[in-house]
Amino acid sequence: MAGFALTEPNAGSDAGAIIAKAVKVGDEYVLNAHKCFITNGPHAKFFVVFAKTNPSLGIKGISAFLVEADRPGVSIGKHEDKMGIRLSTASDVILEDVHVPVDHLLGPEGKGFKIAMQTMDIARVECAACANGISQRALDLSIEYAKTRVTFGKPIASLQAIRFMLADMEIRTQLARSLTYRAAELIDAGQTDSKLCACAKAAASEAAMQNAMDAAQIYSGYGYSREYPVEKLMRDAKIYMIFDGTSQIQRVVISGNLLK
Ligand SMILES: Cc1cc2nc3c(=O)[nH]c(=O)nc-3n(C[C@H](O)[C@H](O)[C@H](O)COP(=O)(O)OP(=O)(O)OC[C@H]3O[C@@H](n4cnc5c(N)ncnc54)[C@H](O)[C@@H]3O)c2cc1C
């Protein structure tokens, strides 16, 4: 397992504000960093760590390094007690005077931010695919429940209010899935389109959140109970609007591409 260590306590959306440092000493780099929210932190065998080799250059001073988890000075800090995706771990990763050979620099010095953003393009489509799974499951569970739950002598699936919710859930899922497939197809063809990756991530994560909320509404009291699976879908869906760039940051990327 690997970890992607970019975020710091004061640098999330604004990844260029990281203060992690890497100083070249002879044929090694010495890294100091406090990273947080790092997925797989406690299990990763190695990390890709982003740190500034030249802080005066801003994002152009960021470089990427491969750092094995068992190097002296690497430690795992606080584990996040998360609302959802409870089977995935995220933790602080701390680097104190960690020495790595110069060949652990990934790409040229100063290209770390570009590497991070290119990685994000692909990660966003993976996020979208996971979110589509939540959208579909929310819909499948809702259809099943609507056919069996009876109120006023009839299954709730006979009510137009419920049928239209199901239809809207299907529309959202189909739209998000089509966008995801298109963005993924372009990545496979070597023509990654950052704008489309961001569109897919925003559309799919927001569709998943809305579908999970609609499923909870259709299940109503049982949707709010931990006895049924839809409350878990709601908790899980939210993260897709946050990591790998929040929904707002996707809009920053999309509008930036539209206006360039
Ligand atoms: C479970 C989990 C796993 C994670 N895994 C990883 C990981 O493996 N590696 C890693 O490096 N990071 C990881 N992260 C960090 C994640 O990428 C950040 O939390 C995310 O980028 C948002 O940063 P922030 O939380 O600091 O929010 P902030 O950047 O503080 O944003 C706060 C709010 O302001 C909005 N905002 C900020 N800037 C702008 C802007 N310019 N325009 C409009 N709105 C803006 C945001 O959208 C948000 O609503 C993980 C986070 C979580 C919760």
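In which strand is the place of K35? K35 sits in strand β3, where strands are DSSP runs of E with at least two residues, helices are runs of H or I with at least four residues, and both are numbered from the N terminus.

The structure is a predicted model, in which local features need pLDDT of at least 70 and side-chain atom pairs count only at pLDDT 80 or more, while totals for chains, interfaces and linings use all residues. Residues are numbered from 1 along each chain as its sequence is written, and side-chain values use heavy atoms, with hydrogens and water left out.

## Overall build

The protein contains five helices and 10 strands, and its C-alpha trace spans about 80 × 40 × 30 Å along the principal axes. Of its 260 residues, 43% count as buried, a term that stands for under 20% relative accessible area, whereas exposed stands for over 50% and partly exposed for values in between (1.4 Å probe, protein chains only). Among the contacts (heavy atoms within 4.5 Å) with a separation of 6 or more, 71% come from residues 24 or more positions apart.

The domain assignment gives domain 1 (2-109) and domain 2 (114-259), with bounds taken from an automatic or database assignment. The C-alpha centres of domain 1 and domain 2 lie 30 Å apart, and the contact takes 11 residues from domain 1 and 12 residues from domain 2.

## Around the ligand

The ligand has 17 residues around it, and F4, T7, S13, F37 and T246 come nearest; a residue is counted as near if one of its heavy atoms lies within 4 Å. Domain 1 (2-109) and domain 2 (114-259) each give at least three residues to this shell, and β3 (28-39) and α5 (247-259) each supply at least two. By class, the shell holds nine nonpolar, six polar and two charged residues.

| Residue | Part of the residue | Ligand atom | Distance |
|---|---|---|---|
| F4 | backbone N or O | nitrogen | 2.7 Å |
| F37 | polar backbone atom | nitrogen | 2.7 Å |
| T39 | side-chain N or O | nitrogen | 2.8 Å |

On its own the ligand has 970 Å² of accessible area, and the protein covers 63% of this.

K35 counts as buried because its relative accessibility is 0%. The side chain of K35 reaches the backbone oxygen of L6 at 2.9 Å, and a polar atom of that side chain lies 2.8 Å from the backbone oxygen of F50. Leaving aside neighbours within four places in sequence, the residues in contact with K35 include A5, T7, E8, I18 and D92.

Helix α4 (residues 230-239) is largely enclosed by the rest of the structure, because seven of its 10 residues are buried. The buried residues of α4 are V230, E231, L233, R235, D236, A237 and I239, and their cover includes α1 (112-148) and α3 (194-219).

Notes: A polar contact is a pair of N or O atoms within 3.5 Å; within protein, one must be able to donate a hydrogen and the other to accept it, and residues adjacent in sequence count only if both atoms are side-chain atoms. Accessible areas come from the Shrake-Rupley method with a 1.4 Å probe; for residues, only the protein chains shown count as cover. Ala, Val, Leu, Ile, Met, Phe, Trp, Tyr, Cys and Pro count as nonpolar, Asp, Glu, Lys and Arg as charged, and the others, Gly among them, as polar.
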